[in-house]
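Please look at the sequence and the structure before reading on.

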Amino acid sequence: MTAAGIDVGKASLDLAVEGQAGVTRYANTGAGIAKVVKRLKALGASRIVAEATGGYEEPLLEACCDAGLWIARVNPRQARSFALATGELAKTDTIDARLLALMARMFADRLRCYVAPPPWQRELRDWLRRRGQVVTQLQAHKQQVAMASPQVRKLAARTIAALARELAAVDRAMQTLIDQHTTPALRSSKGLGPVFQATALALLPELGQLGRRQIAKLVGVAPMNRDSGQSQGKRRVRGGRAPMRVALYMATLSAVRWDPLMKAHYQQLRARGKLGKVALVACMRKLLGIVNARRRDELRAEGALTA
């Protein structure tokens, strides 16, 4: 097995191949990615690992998938923890690339091969990312304009109006894609609005293909044990896909008010003495499990998933 690691930066890609000295740097552009793919195919690389870098890794991942190469994306925290476990305290692009190649060989059976999303899903992901940027800017301007002078407020009002128009345009584009690709499972409970549906479609393609515990862990709402010997630590949720978890949180806030099943579950947990936030996270986990089970049934009915 030939293992390779790629450290992804905004402007460059550092490729390390296990058993070969040196690390080769390529530009993180279309031409540079094509060269990386060509070299990986020539080497017969069977396992490739790249680190998530805020979206800069996505063109590389998709190009490798299109070329039929096995590639996995790992969380930067996992990659850094692996580096520390090997005793490597220093951190450079070259070191990172070499350690990712080592990680590809040692943990190939524990890593999930990246599957490139279809074009509509990539478009929805881009719209969703842009929506988050516009919402953040809009909130910041509205908060800051209250402290400004009348002259500045007049200028800020134009910016706020422009951002509001852009947000409406983004929502319309997202709604078009949602209407074409959403399923009854994604709108089967109160609170599962357009933002939740878009986030699930774009960022959680595994929905319906994993068990309830696996999907909860993937999103980051599964309580993790912290036990050692006779000591039992407090269970806490951690990790997971933050944008999906935020969308699920907002959907659950609505569901515990308006959905009878979720409202009863929340009230039952509170009556048992659970803190409000603990009860809400438990409701997030339950709501996700319900949507996951309904989506699984849809996939089975479509023949896309075996029983």
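In which helix is Tyr-249 found? Tyr-249 is found in helix H9, residues 242–258. Helices (H or I, at least four residues) and strands (E, at least two) are DSSP runs, numbered from the N terminus.

The model is predicted: local features need pLDDT of at least 70, side-chain atom pairs count only at pLDDT 80 or more, and totals for chains, interfaces and linings use all residues. Residues are numbered from 1 along each chain as its sequence is written, and side-chain values use heavy atoms, with hydrogens and water left out.

**Surface patch**

Tyr-249 has a relative accessible area of 35% and is partly exposed. Buried means under 20% relative accessible area, exposed over 50%, and partly exposed in between (1.4 Å probe, protein chains only). Together with Val-246, Met-250 and Leu-253, Tyr-249 forms a nonpolar patch on the surface, with about 360 Å² of accessible area in total. Patches are made of residues with over 30% relative accessible area and no salt bridge; like charges are joined within 9 Å, and nonpolar side chains (Val, Leu, Ile, Met, Phe, Trp, Tyr) within 5 Å. Accessible areas come from the Shrake-Rupley method with a 1.4 Å probe; for residues, only the protein chains shown count as cover.

**Aromatic rings**

The structure holds 1 aromatic pair. The ring centres of Phe-82 and Phe-107 are 5.5 Å apart and the planes stand at 80°, so the pair is edge-to-face. Rings of Phe, Tyr and Trp (its six-membered ring) pair if their centres lie within 6.5 Å; planes under 30 degrees apart count as stacked, over 60 as edge-to-face and the rest as tilted. Phe-82 lies in helix H3 (residues 76–85), and Phe-107 in the loop between helix H4 (93–106) and helix H5 (119–145), so the pair ties together parts that are 25 residues apart in sequence. Phe-82 counts as buried at 10% relative accessibility, whereas Phe-107 is partly exposed at 29%.

Another ring has a charge over its face: Arg-47 lies over Trp-70, at 4.3 Å from the ring centre. For this, NZ of Lys or CZ of Arg must be within 6 Å of the ring centre and within 35 degrees of the ring normal.

**Salt bridges**

There are 16 salt bridges in the structure. A salt bridge is a side-chain nitrogen of Lys or Arg within 4 Å of a carboxyl oxygen of Asp or Glu. The table gives some of them.

| Pair | Closest N to O distance |
|---|---|
| Glu-57 and Arg-73 | 2.9 Å |
| Lys-91 and Asp-96 | 2.5 Å |

Glu-57 is buried at 2% relative accessibility, while Arg-73 is partly exposed at 37%. Asp-96 also counts as buried, at 8%. Asp-171 is partly exposed at 29%.

Thr-183 lies in the loop between H6 and helix H7 (194–203) and is buried, with a relative accessible area of 10%. Leaving aside neighbours within four places in sequence, Thr-183 is in contact (heavy atoms within 4.5 Å) with Arg-295 and Glu-298.

Arg-212 lies in helix H8, residues 212–219, and is exposed at 55% relative accessible area. The C-alpha atoms of Arg-212 and Arg-285 are separated by 8.5 Å, and the two residues are 73 apart along the chain.
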